[in-house]
Amino acid sequence: MNQGTLIMVAALILVVGGAAVGGYVIYEDYYATSSSKSSTTSAPSSSSSSSSSSSTKTSSSSSSTAPSSSSSSSASSSSSSSSSSTSSSSSSSTSSSSSSSSSSSSSSSSSSSSSPSGSDTYSNPGVYSWKCPNGVSSVSVVAVGGGGSGGVSGSYTTNTQFKSYTTPGTYTFTVPSGVTQVDVAVVGGGQGGDGGYCSVFGYSGNGGSSGGYSRATLNVSPGQNVSVTVGSGGAPGNNAYSPSSGGAGGTSKFGSVVATGGQHWDQPGSGSTSAGKEGSQGTTSYVGGTGGASVYDGYGAGGNGGCLGSDSDTNPTSGGNGAVIVQYNATFATCGGGGSSGTYVNSKSVSVTPGTSYSVVVGSGGSEGQNGEASSFGSTLVVAPGGLSGGAGSSSAGSAGASPGKGTPSEDSIPGNAGSGSSGGSSVYQSYGAGSNGACGSSAPSSAGNGIVSITW
Ligand SMILES: *[C@@H]1O[C@H](CO)[C@@H](O)[C@H](O)[C@H]1NC(C)=O
Ligand SMILES: *[C@@H]1O[C@H](CO)[C@@H](O)[C@H](O)[C@H]1NC(C)=O
């Protein structure tokens, strides 16, 4: 060791000795610093890896989407640059890209060298123009017509039904299904005729008064129970030296509609529509009074008065029974028939001319009982008829829409499915052009599925 080394060793001992004085605190500091260090070293590595992975993702995703879209656009622009009219072709390429962006567009970038390939799909109803790229002489076209709508609902009403209660007693009227209104006639019982004693002075009995009459139209609901009471006619009085009066007629009811019976020859029954009639008084001519006439259909008339002691005695008669007559019309809803689905055409080789524009029509599904629209390519080159609507409900359910049949070309076509009952025909291709169900009740049929046109080259 030389002198310099000795000085360094001595200085080291001093430092270590000083550290030994600090002891515990220094260890804490050391571990604290080392742990924060490891976290900072791990943090940069993770952040750098995440930033590198995120940059790879965006670059890969952007590079994956950019080349395919740019190669298709560059392929179309290179093809348009080879043609003379650059401006018209570039404007048509933007219009086609805008229309296809609403649907979907894809094109493969690999075969850009010899013949271009790609596809355009139109799935929103409307009319479009598709321009055939250069170098393309045949395309494959898939077309599905719009589905037919289900038919609208209907209803029918039965002939007027009657329910007559004419025997005294209490009943329950259960409102039949389909009935929401009833028209009721309620008649109280007639009073019985009074007895009479007419052998000396000829005083015969008075006729009984008739029952009152109430007529009403009531709103009801099917299944509702309504209590019914038919009032009986009053019993006749007695012919005797002290004759008795006829009994009062009973009250009749349909729910809250009431008509009371005749009480006395001059106290006829009451009702909201008409009071009963008074009976006529007995006379001295040995003839009992006549009962008050019925005010509705012969029910609830008063009985006739009697006479005792004449050459030919007449007994008083009982009052007529009351009645409850219920009239109603039942109305039943019917469903519309299901619409058929749109026809499917898959034509593998449709001859086209480069640079020529072809119309593309995507048929919409029918709504509210309408047929679906046809989808087509090139007007008549490919035609997929729309589904047919279901029939409207009437006195019976609507008929289901028949299949629209084959399209054009017929050999490449599968007809749309007919509806079944109130169910719409199912789609032939994916979920496009399905027929909708017929409506049942007050709501309109749901809209049928729209068609689609897809062109591949
Ligand atoms: C039932 O229908 C007939 C004929 O349309 C009508 O005159 C009558 O008022 C209806 N009755 C009820 C209770 O709605
Ligand atoms: C009406 O009466 C019938 C027969 O008693 C009963 O079955 C039914 O539950 C009643 N309906 C209502 C709404 O109370």
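Reader: What makes Gln430 count as exposed or buried?

Author: This is a predicted model, and in it Gln430 has 56% relative accessibility. Exposed means over 50%, so Gln430 counts as exposed. You'll find Gln430 in the loop between strand 19 and strand 20 (452-456). Gln430 also has a positive phi of about 50°, although it is not a glycine.

Reader: And why is Glu368 called what it is, buried or exposed?

Author: Run the check with the cut-off again: exposed is over 50%. Glu368 comes out at 52% relative accessibility, so it counts as exposed. Glu368 sits in the loop between strand 16 (357-362) and strand 17 (375-377). Its phi is positive, about 50°, and Glu368 isn't a glycine either.

Reader: What makes strand 6 and strand 9 edge strands?

Author: Look at the open sheet of four strands, with the order 6-13-8-9 and antiparallel pairing. Strand 6 (161-165) and strand 9 (213-219) each pair on one side only, and that's what puts them at the edges. On average, neighbouring strands in this sheet are turned by 15° against each other, direction ignored.

Reader: How do you know that strand 8 and strand 9 pair?

Author: Two strands pair if there are at least two bridges between them. Strand 8 (residues 181-187) and strand 9 have seven bridges, in the antiparallel sense, so they pair. For a spot to look at, find Val184, which stands opposite Ala216 in strand 9.

Reader: Which peptide bond is cis, and where is Pro409?

Author: The bond from Thr408 to Pro409 is cis, with omega near -5°. Pro409 lies in the loop between strand 18 (382-384) and strand 19 (413-414).

Conventions: Residues numbered from 1 in each chain as written. Chains lettered and ligands numbered in written order. Predicted model: local features only at pLDDT ≥ 70, side-chain atom pairs only at ≥ 80, totals over all residues. Heavy atoms only, no water. Helix = DSSP H or I, 4+ residues; strand = E, 2+ residues; numbered from the N terminus. Buried < 20%, exposed > 50% of the residue type's maximum accessible area, 1.4 Å probe, protein only. Axes fitted to C-alpha atoms, helices over the stretch in contact; angles between N-to-C directions.
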